[in-house]
Amino acid sequence: LRLPVETSVGGGRSLGEQAMVECPFLKSAYKIICQHLGNFVMTECFTDCLSVKPPSPTDDCSPRDNEELTSLTVVEVQSWSDSFERLMASLSGRRVFREFLRCEYSEENILFWLACEDLKKENNPEKIEEKARMIYEDYVSILSPREVSLDSRVREIINKNMMSPTQRTFDEAQLQIYTLMHRDSYPRFVNSPAYRNLLKSYGGSVKDLAVTAT
């Protein structure tokens, strides 16, 4: 089974193929899903995602990803539809959701949320300041191509906090983006062919999935 992509980059390689070469996680995910689906045609969203956009520079393509994918169970995959909290609490769930957001061109939301989580775990004052500055430049600055959508009130709070950055500098902003993903992207994810076909591939049932996820 091959990805039906035609858009090419240098050397005649499609963007989808280039994405899998550059990110072992995508290649492994594709192979494992194919093993579960057999001859099932890959979902349009996942295919289009690979054929249009290469992986972002911040992708974490560690060898551990392979183990996480192969160790998935139908119970865990099914639980992702129970609540947004369960999806975000699952490392594999976050990775699958991130791929979905990439298809929707809103991957910056979960990248920002993950960066804020990483900042909270930092104890070194110098690194806290450095990471806070990087988060601001990457996701808050209006000059950034990955700027997340924040209201003026939250932006004012961030600007004040940046005068003396701490682990909690972006708490208000992180909550706002979390709520945005929960209310906007999550229901579409649960009802998407990508998630439903993945659930089916693990032997799960989609008949009881809520039309509007909570």
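A salt bridge is a side-chain nitrogen of Lys or Arg within 4 Å of a carboxyl oxygen of Asp or Glu. By that criterion, a search of the whole structure returns 14 salt bridges. The model is a predicted one, in which local features need pLDDT of at least 70, side-chain atom pairs count only at pLDDT 80 or more, and totals for chains, interfaces and linings use all residues. Residues are numbered from 1 along each chain as its sequence is written, and side-chain values use heavy atoms, with hydrogens and water left out.

**Confidence**

Colour the model by pLDDT, the predictor's confidence in each residue, from 0 to 100. The protein averages 78, and 64% of the residues score at least 70. Select residues 1–22: the pLDDT there is below 50, and the stretch has 39 contacts (heavy atoms within 4.5 Å) beyond near neighbours in sequence. Residues 34–45 are likewise below 50, with 18 such contacts in the model. Where pLDDT is low, the predicted coordinates should not be read in detail.

**Helices 7 and 8**

Next, select residues 91–103 (helix 7) and 107–120 (helix 8). Helices are DSSP runs of H or I with at least four residues, numbered from the N terminus. The two pack at an angle of about 145°, with their axes 7 Å apart; axes are lines fitted to C-alpha atoms over the stretch in contact, and angles run from 0 to 180 degrees between N-to-C directions. Helix 7 contributes Arg94, Phe97, Arg98, Leu101 and Arg102 to the contact, while helix 8 contributes Glu107, Ile110, Leu111, Trp113 and Leu114. These residues divide into 6 nonpolar, no polar and 4 charged. Here Ala, Val, Leu, Ile, Met, Phe, Trp, Tyr, Cys and Pro count as nonpolar, Asp, Glu, Lys and Arg as charged, and the others, Gly among them, as polar. Display the side chains of Arg98, Glu99, Arg102 and Glu107 to see a network of salt bridges.

**Aromatic pairs**

Now show the rings of Phe, Tyr and Trp (its six-membered ring), which pair if their centres lie within 6.5 Å; planes under 30 degrees apart count as stacked, over 60 as edge-to-face and the rest as tilted. The whole structure holds 11 aromatic pairs. Tryptophan 80 and tyrosine 195 form a tilted pair, 6.5 Å centre to centre with 35° between the planes. Tryptophan 80 sits in the loop between helix 5 (74–79) and helix 6 (84–89), and tyrosine 195 in helix 12 (residues 193–201), 115 residues apart. Tryptophan 80 is buried (under 20% relative accessible area; exposed is over 50%, partly exposed in between, with a 1.4 Å probe and protein chains only), because its relative accessibility is 0%.

Phenylalanine 112 and tyrosine 139 form an edge-to-face pair, at 5.9 Å and 65°. Phenylalanine 112 lies in helix 8 and tyrosine 139 in helix 9 (residues 125–140), so the pair ties together parts 27 residues apart in sequence.

Finally, select Trp80, Phe84, Phe97, Phe100, Trp113, Tyr178, Tyr186, Phe189 and Tyr195: ring pairs link them into a cluster.

**Individual salt bridges**

Which residue meets lysine 131 in a salt bridge? Its partner is glutamate 122, at 3.0 Å, N to O. Lysine 131 is partly exposed at 23%, whereas glutamate 122 counts as buried at 14%. Arginine 168 and aspartate 171 form another bridge, with the closest N and O atoms 2.7 Å apart.
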